[in-house]
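Subject: Structure handover

Hello,

Here is the structure for you to look at. Please open it first, then read my notes below.

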Amino acid sequence: MTNAISDYVDCTPLLEDREALDRFYDEHGYVFLRGVLDRDLVRAAAEQMLDGLVELGHAAPDATLDTLTIDSFEAVDEVAMHGHVKYDDFWNHPSTLRVFEQVFGEPVFVFRSTTIRYYPSAAGSEKPDFSHLTPLHQDGFYIGPNKDFRTAWIPLIATTPASGGVALADGSHKKGPREHVLSEDYRRFGHPVRGIPPQELGEDERLLYSPMGPGDVLLFHAFLCHKSLPNISADPAIMRMSMDTRVQPASSHRGFNALTPWTESAKDPSKGIMSKITGTPTTVD
């Protein structure tokens, strides 16, 4: 159902071997680590997201992380939701930074821009709408000027093949930046979203996907092609909740999106990431 051919490779055993970890990253464009983040901190972020959905009236007052559901992702005031999730505290917690610095091999800076996601299951819908999902793309197309950042993606609730997550095109970063074209099949803030046509992937750039649990993290290259997968979970239907940010060497230049909270850049579609998502011109990186 995910169209993924095989699983991510668990790189956790490579954390003690700097050269082997770097070789794997250079070849495949990602690092997948299991159980390295503080699960209590991940749980706290999940509870904050749950509280936000309840307080904004999108989830039942007695909802728990096991029973949580909402009508749609699009119906939620995304900017308001950012006020409920203390993700900066999570990303900059000493235990989280230790993991990032172990992967990078040097001090890091975590972007002040975080994306939060809360996707209910579309199972049973007569006309499921997946236009809110992210098409195949490279984060380096949206973010600059330097491209030495890595995207960090974590689930707040365990994912399954049915509830989806992130599909990575193995080794696709090695071909550098690719053309992104507007697609009417995906929309953001009412605008069609740019993405890479799936047929542009080579036969050697197989899609990878693995279920993930709280405490797991994906870190991947700015030019690694990836996309989100739909949530069609049933029996039980699972809410898919996640958040992602970008991490770069502390010594590197910090652009607009590195220094600007998502809530600020989202208000102005002419700047930074939003300019390219919505197809409007910009001079800001």
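Which residues does Asn231 touch, not counting residues up to four places away in sequence? They are Tyr119, Pro120, Ser121, Ala122, Ala123, Phe130, Ala162, Ser163, Ile238, Met239 and Arg240. Touching, or contact, means heavy atoms within 4.5 Å.

Before more detail, some ground rules. This is a predicted model: local features need pLDDT of at least 70, side-chain atom pairs count only at pLDDT 80 or more, and totals for chains, interfaces and linings use all residues. Residues are numbered from 1 along each chain as its sequence is written, and side-chain values use heavy atoms, with hydrogens and water left out.

**Asn231**

Asn231 sits in the loop between strand E10 (226–228) and E11. Strands are DSSP runs of E, at least two residues; helices are runs of H or I, at least four; both are numbered from the N terminus. Asn231 is buried, with a relative accessible area of 3%. Buried means under 20%, exposed over 50%, and partly exposed in between (1.4 Å probe, protein chains only). The side chain of Asn231 makes a polar contact of 2.8 Å with that of Ser233. A polar atom of the Asn231 side chain also lies 2.6 Å from the backbone oxygen of Ile238. A polar contact is a pair of N or O atoms within 3.5 Å; within protein, one must be able to donate a hydrogen and the other to accept it, and residues adjacent in sequence count only if both atoms are side-chain atoms.

**Helix H2**

Helix H2 covers residues 39–55. Its buried residues are Val42, Ala45, Ala46, Met49, Leu50, Gly52 and Leu53. Why are they on the same side of H2? Because they cover an arc of only 160° around the axis, taken from the directions from the helix axis to the C-beta atoms. In general, an α-helix has 3.6 residues a turn, so residues three or four places apart point the same way. On the face of H2 turned away from the buried side are the exposed residues Asp40 and Glu55. The cover over the buried residues of H2 includes helix H3 (78–82), helix H4 (87–91) and strand E11 (240–249).

Now the ends. Asp38 caps the N-terminal end of H2, with a side-chain oxygen 2.9 Å from the backbone nitrogen of Asp40. After H2 comes Gly57, with a positive phi near 85°.

Best wishes

Terms used: Expected span 1.5 Å × (residues − 1).
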